[in-house]
Amino acid sequence: MDDPFAEPTDTRQAILGAAFRALCEHGYADLTVKRIGEEFDKSPSLVYHHYAGKDELLVDLLEFMIDDFEESVSASAFDVPPRERLDAFVGAMTDPDSIPNEYGPDGRFMTAIVELRAQAATDDAYRDHFDRSDRVFEEFLEQTVRAAAADLRDERAAAGDDAEVSGEEPVTPAEVASTLQTLSTGGMVRWATTSDHGWTADAQRGARRYLETVLPNVDPDG
């Protein structure tokens with residue numbers, strides 16, 4: 001993943017960039033404001049001027065990044081077909097090394113996110129962030145599932161295939177999005193907390209098989 005703070009536009013972004021780099025380098029447990037200051041190309045005292053401690057700074061970093069993601073989604077920055085986008089999302093969350101560097105997340109940052117998510121068990125500020133983060137990603141996934149199902153419906157109609165794929169009840173895009181989000185979050189935790197990553201290919205194949213089975217039953221208008 002490219003450094004999202006490579007060209008900061010103000011002091012806040014410069015500090016957040018320093019926090020991002022220090023977090024990737026040291027992880028949550030070994031991160032200190034002093035180490036963040038060492039990554040800052042201006043006076044480290046400015047970090048203390050803007051933030052009371054590392055947790056306040058890290059929550060602001062997380063909020064900035066989710067704001068940036070929401071903006072990129074609203075600007076339609078993703079130029080791959082919806083179905084491929086779903087596979088890429090699952091792939092990035094279960095095995096970030098499998099995604100090209102310019103698109104995939106930094107593995108060290110993914111590990112740090114798992115550490116930060118663990119803080120949400122006892123810290124309301126982190127919990128509030130991950131509540132919002134999950135909502136944002138589920139909304140993104142729901143929109144993508146809806147678009148993928150519409151593409152599939154159009155492809156079948158163009159081929160003259162109007163038959164029902166199965167006798168199952170229609171599936172809502174929200175249900176599929178929630179399932180993918182939960183699978184991906186669990187995959188991210190497993191990837192970050194184990195050394196044997198041999199399971200990732202099976203997990204991704206399973207996710208693709210799930211989508212192949214369920215997408216024909218998704219009502220894109222539902």
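## Basis

The model is predicted, so local features need pLDDT of at least 70 and side-chain atom pairs count only at pLDDT 80 or more, while totals for chains, interfaces and linings use all residues. Residues are numbered from 1 along each chain as its sequence is written, and side-chain values use heavy atoms, with hydrogens and water left out.

## Salt bridges

The structure holds 13 salt bridges, each being a side-chain nitrogen of Lys or Arg within 4 Å of a carboxyl oxygen of Asp or Glu. Helices named below are DSSP runs (H or I, at least four residues), numbered from the N terminus.

R21 pairs with E39, with the closest N and O atoms 3.7 Å apart. Relative accessible area is computed with a 1.4 Å probe on protein chains only; under 20% is buried, over 50% exposed, and in between partly exposed. R21 is partly exposed at 29%, and E39 is partly exposed at 32%.

## A pair within helix α2

K34 and E38 form a salt bridge with an N to O distance of 2.8 Å. Both residues lie in helix α2, four residues apart, or about one turn of the helix.

## The link between α4 and α7

D67 and R132 meet in a salt bridge at 2.5 Å, N to O. The pair joins distant parts of the chain, with D67 in helix α4 (residues 54-74) and R132 in helix α7 (residues 124-158), 65 residues apart. D67 is partly exposed, with 37% relative accessibility, whereas R132 is buried, with 19%. Through shared partners, salt bridges connect E63, D67, E70 and R132 in one network.

## Packing of α5 on α8

The axes of helix α5 (residues 82-94) and helix α8 (residues 173-193) come within 7 Å and cross at roughly 30 degrees. Axes are lines fitted to C-alpha atoms, for helices over the stretch in contact, and angles run from 0 to 180 degrees between N-to-C directions. The two helices are therefore roughly parallel, a term for angles under 35 degrees.

In this contact (heavy atoms within 4.5 Å), L86, F89, V90, M93 and T94 of α5 meet residues of α8 including L180, L183, M188 and W191. The contact of α5 with α8 has eight nonpolar, four polar and no charged residues. Nonpolar covers Ala, Val, Leu, Ile, Met, Phe, Trp, Tyr, Cys and Pro; charged covers Asp, Glu, Lys and Arg; the others, Gly among them, are polar.

Technical notes. Parallel < 35°, antiparallel > 145°, perpendicular 65-115°, else oblique.
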